[in-house]
Amino acid sequence: MHARLRRPTVELFSIPTERPESDGTMAWDATEVVLAEVHADRSVGLGYTYGSPAVAAVVHGKLAAEIEGRDAMDIPGCWEAMRRAIRNLGRPGICSMAMAAVDLALWDLKAKLLNLPLAKLLGLVRDHVPIYGSGGFTSYSIAELQEQLGGWAEQGIAAVKMKVGREPVHDFERVRAARAAIGPDIALYVDANGAYSRQQARRFAEQFAAEGVTWFEEPVSSDDLEGLHWLRDRVPAGMEIAAGEYGYELAYFQHMLAAEAVHVQQADITRCAGPSEFARVDSQCAAYQTPLSAHTAPSAHLHPCCALERVRNIEYFHDHARIESMLFDGASQPRQGALWPDLSRPGIGLDLKTRDARRYAA
């Protein structure tokens, strides 16, 4: 099959949060979505990332011309052409996110041209992926925190995550309240978004362990590989250190894994240049015998994660799960504590709700 790519299109949407949100190091009241579409024959591939208007500008001004006219089947060639095109702009950050949106759209298009769900095209390792409910923002009251996390537990989701680090003096109280809401049998994760010092993180690890916390995400900055390694060797038995959501290229993950900085490697398909690079991260995790956890964007991750060896779970992030249900038909809903791809739909199984999406056009 020879299907030539036409010039990709790109759109930007801005969706307000339900209420102001914050974590240990950042606050926000809206989320921006960059949507890329690629066309060949009469099929359209859909891809997206969560990023600023600058991401859309890179897609439109730099990447679109690089893949126009190429064979839609030759995704590695398209990916390499995009990588070369952004050399002088800098690979980490905005450019990798732009590549991610286009790469996901290319994979979606290829699967649609072959009339296959993407998970089947890539080759199934599993037919579903466990999730953990993620939110518990530091801007929430205790009552709001308990309602959200407790609601996920009632739905049968076996693990939930909350934010810590903005006001450390209140963190243990909030963790204790979360445990009371979810009961003794649900796994409790915490995410500091790099807000703590090494000594703070070690002290809180001991306190959190007393409430059964088993996952401590970014206790210190992900740039502090020595600090992550130091904590990885000192947290209580049964607690895992996780980090990696800010990785934009393969070398980042190689350095983190080689430094033995984490028990669980995280990666985000909407940041690390799409499914093509995400699969390479999984291979690195296999080499280091380290599990891989998908960061946020559940609908973007689902099909690729069903095809990868080291994947443990997908973060069912409150904001993104809400947005994906608002913007797309086919967004997967939790069932039995997991996401299950709809194998009756080709590609990644998503279609833009055009009329609904236009309300949020930026």
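Student: Tyr132 and Tyr189, are they buried or exposed?
Tutor: Both Tyr132 and Tyr189 are buried. Keep in mind that this is a predicted model.

Student: What is the relative accessibility of Tyr132?
Tutor: Tyr132 has 0% relative accessibility, so it counts as buried.

Student: How many aromatic pairs does the structure hold?
Tutor: There are 13 aromatic pairs in the structure. One of them is formed by Tyr132 and Tyr189, with 5.1 Å centre to centre and 65° between the planes, which is edge-to-face.

Student: Which strands do Tyr132 and Tyr189 lie in?
Tutor: Tyr132 belongs to strand 4 (residues 129–134) and Tyr189 to strand 6 (residues 187–191), so their pair ties together parts 57 residues apart in sequence.

Student: And the rings of Tyr132 and Trp215, how are they placed?
Tutor: Their centres are 5.5 Å apart and their planes are at 50°, so this pair is tilted. Trp215 sits in strand 7 (residues 213–217) and Tyr132 in strand 4, so the pair ties together parts 83 residues apart in sequence. Trp215 is buried as well, at a relative accessible area of 0%.

Student: Which residues do ring pairs link into a cluster?
Tutor: Trp28, Phe137, Tyr140 and Phe317 are linked into a cluster by ring pairs.

Student: Switching to helices. At what angle do the axes of helix 5 and helix 6 cross?
Tutor: The axes of helix 5 (residues 142–154) and helix 6 (residues 171–182) cross at roughly 40° and come within 8 Å. That angle makes helix 5 oblique to helix 6. Their crossing is right-handed.

Student: Which residues make the contact?
Tutor: Helix 5 contributes Ile142, Leu145, Gln146, Leu149, Gly150 and Ala153, while helix 6 contributes Arg174, Ala177, Ala178, Ala180, Ala181 and Ile182. In the contact of helix 5 with helix 6, nine residues are nonpolar, two are polar and one is charged.

Student: How far apart are the axes of helix 1 and helix 2?
Tutor: The axes of helix 1 (residues 53–67) and helix 2 (residues 75–85) are 9 Å apart, and the two helices pack at an angle of about 145°. The crossing of helix 1 and helix 2 is right-handed.

Student: What are the contact residues there?
Tutor: From helix 1 they are Lys62, Leu63, Glu66 and Ile67, and from helix 2 they are Cys78, Ala81, Met82 and Ala85. The contact of helix 1 with helix 2 has six nonpolar residues, no polar ones and two charged.

Student: Where is Ser299 found?
Tutor: Ser299 is part of helix 11 (residues 298–306). Ser299 has a relative accessible area of 8%, so it is buried.

Student: What does Ser299 touch?
Tutor: Leaving out residues up to four places away in sequence, Ser299 touches Tyr48, Glu324, Ala331, Ser332 and Leu350.

Student: Last topic, phi. What is the phi of Glu260?
Tutor: Glu260 has a positive phi of about 50°, although it is not a glycine. Most residues other than glycine have a negative phi.

Student: What about phi of Gln336?
Tutor: Gln336 is a residue other than glycine with a positive phi, near 55°. Gln336 lies in the loop between strand 12 (328–329) and strand 13 (338–339). With a relative accessible area of 65%, Gln336 is exposed.

Technical notes:
Residues numbered from 1 in each chain as written. Predicted model: local features only at pLDDT ≥ 70, side-chain atom pairs only at ≥ 80, totals over all residues. Heavy atoms only, no water. Axes fitted to C-alpha atoms, helices over the stretch in contact; angles between N-to-C directions. Helix = DSSP H or I, 4+ residues; strand = E, 2+ residues; numbered from the N terminus. Parallel < 35°, antiparallel > 145°, perpendicular 65-115°, else oblique. Left-handed = near helix turned anticlockwise from the far one by under 90°. Contact = heavy atoms within 4.5 Å. Nonpolar A, V, L, I, M, F, W, Y, C, P; charged D, E, K, R; others polar. Buried < 20%, exposed > 50% of the residue type's maximum accessible area, 1.4 Å probe, protein only. Phe/Tyr/Trp six-rings, centres within 6.5 Å; stacked < 30°, edge-to-face > 60°.
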